[in-house]
Amino acid sequence: MYQPVTRGAGRTGWSPGFLVKLALVALVDALGVYAVLAAWGARSWGVLTAMVALLLVANWAYFTRRALPLKYILPGLAFLLVYQVYVVAYTGYVAFTNYGDGHNSTKEQAIEALLVQNERRVEGSPSSPLTVVARGEELGFAVVADDGAVRAGTADQPLETVDGARVEGGRVTALPGYDVLEYAAVLERQQEVTALRVPVSDDPADGSVRTQDARTGYVFTSTLTYDAASDTMTDTVEGTTYTPNDEGRFEAADGTTLPVGWRVLVGFDNFVTAFGDDRYAGPFLKILLWTFAFALLSVASTFLLGLFLAIAFNDARLRGRRVYRTLVILPYAIPGFLAALLWSGMLNRSYGVVNEVLLGGASIPWLTDPLLAKLSVLGVNLWLGFPYMFLICTGALQSLPTDVLEAAKIDGAGRWRTWRSITLPLLLVATAPLLISSFAFNFNNFTLIYMLTGGGPRFDDASVPLGHTDILISMVYSVSGLDGTAAKDYGLASALSIVIFVVVATVSALAFRRTRSLEEIA
Amino acid sequence: MRRSILTAAALTATLALTACSGGAEEPAGEESSAPDGAGATLTVWVDETRQAAVEDAATGFEEATGAQVEVVLKNFEDIRPDFLAQVPTGKGPDITVGAHDWLGELTTNGVVAPIELGDTADAFEPVSVAAFTQDGQVYGLPYAVENIALIRNTELAPEAPATWDDAIAAGEEAGTRYPLLIQTSTEGDPYTYYPLQTSFGAPVFEQNEDGSYTPELALGGEGGTAFAQWLAEQAEAGTLSTDVTYDVAVAAFAKGESPFIVGGPWMLEQFADVDVAIDPIPSAGGEPAQPFVGVAGFYVSAQSENALLANDFLVNHMATPEAQLALYEAGDRPPALLEAADTASEDPVTAGFREVGADAVPMPSLPEMGAVWAYWGVTEAAIISGKSEPEAAWQKMVDDIQGEIG
């Protein structure tokens, strides 16, 4: 616990600074406690544990005198844990499961779904006005049959005719031996009511009465039953028994499976699938090459144009530099996805501004010819990306030490020589990390591809829905069915993103090692 | 969230009245003991078009049962993935609006519960209930049916064409820029082209006797090849073009640049200045041209803790002519409930679409459909643009889809 200590002039335990700290920590604690209670309410034990741990650490860090560095890095650390480490770890976890279409939830829910999906209303059975009744704690149904007779029963006791019932408006309102439940009481126990099955007779084949709205009863039979003890599903019509398999489905002896499955860990299966499907072998290589080409060319072209403009506008002799600079930065102010969408309209073969107005009615297939589409993608990315490079190059140029440049002049170096040996290396020291991050960004520039070409035009020779401008990340989107062209497979998507991460991380790490040699110049 | 108290009160009154006068099998037994369902809250996901209509029905429901209804506004595109992801966690809604072709995906993932419509089922357009039926069970309460038809500019073409060739001839006679408009785009538009394809006897999947689909591809074979060749011929003759996108087609028709356009009720807003009539889509291959029917409806979550309320709300409060007509006013699609549809059919345009829809086929809701969409449109576009040889391209498409389905 904190003990107020006096240390130095004016630093009493209840100094204004301490009070502010107390107030802030109290605020954080209040939020934290709220989150804990919310997690408790939602029964999310993982979140609850994490919140309690974070709260304890936060209180400890800010009230102890021994953890000075932690006081500064704790907020950042907490957000890093929540937004980065957790997300990465979860992606890693999903990569080893078969989460996706057909394996969407838990086994318990899958069993539930299979059971309700395989209930059939008995053909020709009447819909009977129904009343929910109770005998003690046990719920039951009372129905009015077609002939006006009142029949009642519970889960354990099949329907039997009960005399002396009061029927009003075609519905039972009082029944000897049972209490009629009010609507509110029914609502309170609605899950029990919808789960209740009252057998029609002693023979299970006759089916049972169920209700979905507590007003009308129907006779249903189940074609599938679940036995919890042996963990098997049985098809009562065919007599087939299904047992759970390793892939999270019920499987019969002959290999047929029931449609609804659940999530299970599948080990490295997703990684094997990712590289095992030979329909993807050809397109994958092309897409890999194009991804590297796209990322490298994008960085190179935007950097060169940005650098050129930065040098041009850095010349004191140029008038109106501010106006130019502002104008040049404009593309940077437009959201990327919007710009890509605008460009895809402007580059339309027949009605786009580029062909209609700029080229006088030409019909150049900018986005539908494989080569032109690639050029268009690079061109649009150049337009989108050069302002950023222009900004960082301008900044770096303006911070170059003038003494070194003067020394070069005195030593008799020419303009080109100064630029080659001094300006560029110094510039690269400042900008190289940004170029690497720009490469990593463009390597995964999903928005641009998705909005501009959607990956098209399609490969003519491939049997998968992929195209000439697809990059790895947009390929993942399609392969894992997230675009709706195949069954969704989040496990596969996560596995492939991990592969992409490894590629980008390796390239970036190598590049960073190279940039160290640049720093030696500085 | 709620509209003004006055309208709410007025609607509540009408709804309460209808609840009393009631559906055939629902005498108003509980009304006396009703308003005590307090405490339970029903969560309903809707998109913007449907919001007001559902809120109005919800007010009546709250009045009748005492339960709360929370109407949550969501983007229509987000509803399907969010529903799939959130229902298993228990955080999903009790009810959501949706399209019938989601059904396959929703049932494979076990996130929807069946709804027993009982005798109410007969009160709906048969095709709308069939669309929500899988394996003999109904999974949604339908409220609107939508399909495409031939929209005709009555000034330019006084009579409905009997065949595709008649339509083209009439279009050429009219002397407009386009003889007939059908949206295509470089990605293709297999949905709009489907009636033409069926007129060659090449439906996408085999159908069971009850109209449901089996995952056996049927778009290959002679019919499919004939359709592919026809596409190439028409493109050569200049009647089909990948340059015609949705926007181009709609704008051209609105300007009177063509007497015909193949399209749906969603276009009508932009044809306010044109006198239109709705005709069946002319057959190109000799057999009836059957478009796809899309049915919009409500699904109940498999993990709903208020299943009882949810079913009560849908079957007894959304399957009323008032609620269905309110949804019709908001969305302009013919209602699925026959009684409401009859009222809506006083408008000849709605009646026209409804008539075409009566002969149409539901869009398959099989999960395999995703694979079909992935190849279908681009292949048609490649044939129309002359990039691919029709027969080979069509065959490759069938093989690729088969490969994807496995």
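**Close-up views of a predicted two-chain model**

**View 1. The annotated transmembrane-type span of chain A.** An unreviewed UniProt entry lists residues 288–511 of chain A as "domain: ABC transmembrane type-1"; UniProt positions are given here in the numbering used for the model, with feature names shortened, and such annotations may be inferred rather than shown by experiment. This is a predicted model, in which local features need pLDDT of at least 70 and side-chain atom pairs count only at pLDDT 80 or more, while totals for chains, interfaces and linings use all residues. Residues are numbered from 1 along each chain as its sequence is written, and chains are lettered from A and ligands numbered from 1 in the order in which they are written. Residues 288–511 of chain A are 72% helix and 0% strand, and the end C-alpha atoms of this span lie 19 Å apart. Helices (H or I, at least four residues) and strands (E, at least two) are DSSP runs, numbered from the N terminus.

**View 2. Domains of chain A.** Chain A is divided into domain 1 (16–95), domain 2 (119–222) and domain 3 (281–521), with bounds that come from an automatic or database domain assignment. Between the C-alpha centres of domain 1 of chain A and domain 2 of chain A the distance is 52 Å.

**View 3. Two loop residues of chain A with positive phi.** Most residues other than glycine have a negative phi. Ala214(A), which is not a glycine, has a positive phi near 65°, and its place is in the loop between strand 10 (208–211) and strand 11 (216–222) of chain A. Asp231(A), likewise not a glycine, has a positive phi of about 55° and is found in the loop between strand 12 (224–227) and strand 13 (232–235) of chain A. Ala214(A) counts as buried because it has 23 C-beta neighbours inside 10 Å, whereas Asp231(A) is exposed, with 12 other C-beta atoms within 10 Å. (A residue is buried if 20 or more other C-beta atoms lie within 10 Å of its own, exposed if 12 or fewer, and partly exposed in between, with C-beta atoms placed from the backbone.)

**View 4. The contact between chain A and chain B.** The contact takes 46 residues from chain A and 52 residues from chain B, two residues being in contact if their C-beta atoms, placed from the backbone, lie within 7 Å. On the side of chain A that touches chain B, at least two residues each are supplied by helix 4 (107–117), strand 1 (119–121), helix 5 (183–188), helix 6 (190–195) and strand 11 of chain A. The largest share of this side, 6 residues, comes from helix 4 of chain A. By class, the side of chain A has 16 nonpolar, 20 polar and 10 charged residues; Ala, Val, Leu, Ile, Met, Phe, Trp, Tyr, Cys and Pro count as nonpolar, Asp, Glu, Lys and Arg as charged, and the others, Gly among them, as polar.

**View 5. The two domains of chain B.** The domain assignment of chain B gives domain 1 (5–146 + 293–362) and domain 2 (149–290 + 367–405), whose C-alpha centres lie 32 Å apart. The contact between them takes 16 residues from domain 1 of chain B and 14 residues from domain 2 of chain B. Helix 4 (103–108) and helix 13 (348–358) of chain B each supply at least two residues of the domain 1 side, and helix 13 of chain B gives the most, with 4 residues.
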